[in-house]
Amino acid sequence: MPEDLSALKPLYSLMFRMGSTLDLQHELSALVEELRKALSPFAIAVFMYDDQRENLLLEVQEGLPISHKLELPVGKDPLEWVRHKLGGMPTFGIPIVAEGQLLGSVIISTPISEPQLSAQLWLGQVMVNYAAPVLLNLRRYKELEKLVERRTEELRRRNELLKTLNRIGQTISSMLNENELIEYLGREIGSLLDPSNLSISLYRPETQEVEVVFYLDDGLRQEGFKFPFGKGLMSYVIKAKKPLLTSDYLLECRKLGVEPIGKPARSWLGVPIMSKGEVLGCISVWHYIKPDAFSQMDLEMLFSLASQTAIALENARLYEDAHRKAMEFSMLYEIGLATASTLDLEKLLTTLYEEISKVFNISTFYIGLLDESGRNVHLPLLADKGKRLPSMTLPLKEAGLGGWVIKTGQSLLIRDTLKEMDSLPVKPVQLGEIPHAWIGVPLKIRRQVLGVISIQNYAPHSFNEHHLKLLEAVANQAAIAIENARLFKKLKGEA
Amino acid sequence: MGKPKLLVGTADEHLRSLVFKALGERFNIEATDDGTHLLEMARSHHPALIIIDLFIRKLDGLQLCYILKSNGETKSIPIIAVSNLLAKDHALQAGANFFLSSPFKTKQLVEAVEKLTRL
């Protein structure tokens with residue numbers, strides 16, 4: 001300690017100057033200025049750790065031959081750097097320490113030598129030690145300021161999200177068409193999360209598939225597709241009935257024992273679309289490069305949206321179901337009317353075809369009637385993809401699946417011709433493209449089989465038991481009318 | 001029995017190679033430039049000695065000294081703090097057993113290590 005207390009004057013001056021602002025540069029400049037007055041150095045430089053403590057930033061300097069800002073990675077010695085810049089002049093470093101933390105260092109290059117040097121450096125240390133808590137408080141204030149900014153931004157974003165979620169919820173609750181609903185959701189999720197990659201998928205338990213009905217990849221809308229249930233993290237989310245957020249798609253797949261699908265993403269977020277404990281599908285977003293593209297808040301938001309989607313999907317499906325039932329009743333009514341009011345076979349068959357087409361999703365349709373010999377099947381009405389084709393006659397034994405229905409008097413439902421080929425009772429007659437879904441029901445009066453009505457679709461799984469029962473009801477009505485019309489035609493011919 | 005372990009926490013290549021050269025034959029040396037990593041290593045490796053540069057990534061050398069000396073598992077491990085700053089008082093106050101002001105001679109380092117480890 002210097003014996004002459006007047007040597008402490010710079011410290012006294014520093015105490016007046018420091019701690020009056022919240023500006024780091026201002027406070028450091030005051031420190032440097034007072035150190036210069038006290039020590040008359042060649043140069044002074046103040047290096048501070050950055051927020052992540054990866055680099056040392058040259059915040060303030062005097063006397064160094066540089067004009068730009070400098071950042072030294074930890075490991076590059078600031079003292080050596082200053083000494084080198086000044087051509088090897090004697091240089092000393094004073095640590096800036098507060099509350100046991102090293103905040104940075106003050107590097108001083110001075111022409112003074114012993115015995116004055118020790119006293120000068122002692123004074124420098126006292127001044128830096130005085131400044132250190134002020135600088136620590138400033139750093140804490142800046143960190144707090146950043147935290148407040150971040151929290152405010154989070155709150156603002158959450159508020160915006162809630163507003164948007166509310167708007168989407170209101171809109172989708174009034175949508176009764178599944179396709180429209182999916183399209184709307186796809187667009188709106190984009191406004192919430194700004195994802196370049198998004199999929200909305202529906203779980204199809206009947207085929208054990210996941211159908212991607214909305215697909216956005218690298219910002220571009222792509223065709224939907226299907227994949228076997230069990231593959232990819234979407235399947236996992238559907239099976240586990242819980243959301244999943246990961247920063248590494250492939251690693252997560254390995255961890256969960258799931259086979260990955262598609263181009264591997266980096267971060268991935270998926271939430272189940274659940275209604276009454278049943279999973280209807282999955283909404284997923286992903287990023288190919290960023291490992292932390294999505295937050296817990298994004299997960300909560302997407303999960304909330306998926307819950308609203310589930311209710312809307314249920315509503316749409318209930319509406320579609322009710323609409324379908326109404327169409328079916330209407331069809332049966334119209335066919336009932338036609339069968340009761342006409343004896344014209346051609347008119348009757350045409351009405352049957354038209355009404356059935358309104359209710360069933362069909363690619364191909366035919367009505368086959370046994371001729372009087374019972375050996376041939378005449379097809380007076382045959383239509384494919386909406387076009388009537390010329391009638392034709394086939395020997396019963398070559399009439400394929402329709403022939404089998406006539407011979408046995410039993411109905412037949414085939415969900416996927418190709419997959420069930422080995423278990424079919426007879427080989428189908430192939431006239432062109434093979435329809436994957438096939439239904440044939442006999443036209444019967446008591447035990448006598450008059451013929452067959454067959455509906456077909458090129459897409460597998462287009463029909464189920466419900467469709468079979470409905471077509472059987474149609475056939476029951478139609479069989480009597482067809483028989484009456486044929487008898488009337490025969491009588492007319494005889495007369 | 002294998003060689004005793006020695007940890008070095010520094011981002012300075014020169015200091016790292018100097019330690020390896022001076023003590024590599026007598027110690028099994030591991031080095032890191034990351035303060036949080038050094039803490040984990042100290043807990044899991046139970047080294048005979050730790051050499052800490054005051055400027056190190058993520059956690060500084062003074063904080064490291066304080067944490068190591070406050071923890072029951074690591075408080076008995078001798079620490080040599082190294083710096084070219086006038087930081088001897090700060091380092092000893094934080095818990096370092098010895099302060100080595102750089103630049104130093106290899107002999108000074110070896111003597112300090114021998115004194116603290118009795119090896």
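In chain B, helix α1(B) passes helix α5(B) in a right-handed crossing. The structure described here is a predicted model. Helix α1 of chain B spans residues 13-23 and helix α5 of chain B spans residues 106-117; their axes come within 10 Å and cross at roughly 65°. Angles of 65 to 115 degrees count as roughly perpendicular, and α1(B) and α5(B) are therefore roughly perpendicular to each other. On the side of α1(B), the contact is formed by L18(B), A22(B) and L23(B), while α5(B) contributes T106(B), L109(B), V110(B) and V113(B). Sorted by class, the residues of this contact are six nonpolar, one polar and no charged.

Two packed helices are described by the angle between their axes and the distance between the axes. For helix α2 (residues 35-45) and helix α3 (residues 61-70) of chain B, the axes come within 11 Å and the crossing angle is roughly 25°. Because angles under 35 degrees count as roughly parallel, α2(B) is roughly parallel to α3(B). The crossing of α2(B) and α3(B) is right-handed. Here G35(B), L38(B), L39(B) and A42(B) of α2(B) meet L64(B), I67(B) and L68(B) of α3(B). The contact of α2(B) with α3(B) comprises six nonpolar residues, one polar residue and no charged residue.

Chain B contains five helices and five strands, and along the sequence they follow the pattern β-α-β-α-β-α-β-α-β-α. Of the 119 residues in chain B, 48% are buried. Among contacts in chain B with a separation of 6 or more, 54% join residues 24 or more positions apart.

Two loops of chain B carry backbone features of note. The loop between α2 and β3 (49-53) of chain B holds H46(B), whose phi is positive, about 45°, although H46(B) is not a glycine. H46(B) has 14 other C-beta atoms within 10 Å and is therefore partly exposed. In the loop between β5 (98-101) and α5 of chain B lies P103(B), which is joined to S102(B) by a cis peptide bond with omega about 5°.

The peptide bond from E114(A) to P115(A) is cis, with omega near 5°, and P115(A) is located in the loop between β5 and α4 of chain A. K385(A), a residue other than glycine, has a positive phi near 50°. This residue, K385(A), is placed in the loop between β14 (376-384) and β15 (387-389) of chain A. K385(A) counts as exposed because it has 10 C-beta neighbours inside 10 Å.

The contact between the chains takes 17 residues from chain A and 20 residues from chain B. On the side of chain A that touches chain B, β4 (91-98), β5 (101-109) and α4 (116-173) each supply at least two residues. The largest share of that side, five residues, comes from β4(A). By class, the side of chain A that touches chain B has eight nonpolar, six polar and three charged residues.

The largest nonpolar core has 80 residues, and those with the most contacts inside it are C65(B) and I80(B). Of this core, the largest share, eight residues, comes from α4(A). When neighbours within four places in sequence are left aside, C65(B) is in contact with I52(B), I79(B), A81(B), A91(B), A94(B), G95(B) and A96(B). Another core, of 42 residues, lies apart from the largest one; I335(A), Y366(A), L450(A) and I482(A) are among its members.

M327(A) lies in helix α8 (residues 296-341) of chain A and counts as partly exposed because it has 14 C-beta neighbours inside 10 Å. With residues up to four places away in sequence not counted, M327(A) touches K358(A) and V359(A). M327(A) and K358(A) are 31 residues apart along the chain, and their C-alpha atoms are separated by 7.7 Å. N484(A) is found in helix α12 (residues 465-494) of chain A; with 17 C-beta neighbours inside 10 Å, N484(A) counts as partly exposed. N484(A) and A340(A) are 144 residues apart in sequence, yet 9.9 Å apart in space, C-alpha to C-alpha.

Definitions and conventions
Residues are numbered from 1 along each chain as its sequence is written. Chains are lettered from A and ligands numbered from 1 in the order in which they are written. This is a predicted model: local features need pLDDT of at least 70, side-chain atom pairs count only at pLDDT 80 or more; totals for chains, interfaces and linings use all residues. Two residues are in contact if their C-beta atoms, placed from the backbone, lie within 7 Å. Helices (H or I, at least four residues) and strands (E, at least two) are DSSP runs, numbered from the N terminus. Ala, Val, Leu, Ile, Met, Phe, Trp, Tyr, Cys and Pro count as nonpolar, Asp, Glu, Lys and Arg as charged, and the others, Gly among them, as polar. Axes are lines fitted to C-alpha atoms, for helices over the stretch in contact, and angles run from 0 to 180 degrees between N-to-C directions. Angles under 35 degrees count as roughly parallel, over 145 as roughly antiparallel, 65 to 115 as roughly perpendicular and the rest as oblique. A crossing is left-handed if the near helix is turned anticlockwise from the far one by less than a right angle, and right-handed if clockwise. A residue is buried if 20 or more other C-beta atoms lie within 10 Å of its own, exposed if 12 or fewer, and partly exposed in between; C-beta atoms are placed from the backbone. A nonpolar core is a set of buried Ala, Val, Leu, Ile, Met, Phe, Trp, Tyr and Cys residues joined through C-beta atoms within 7 Å.
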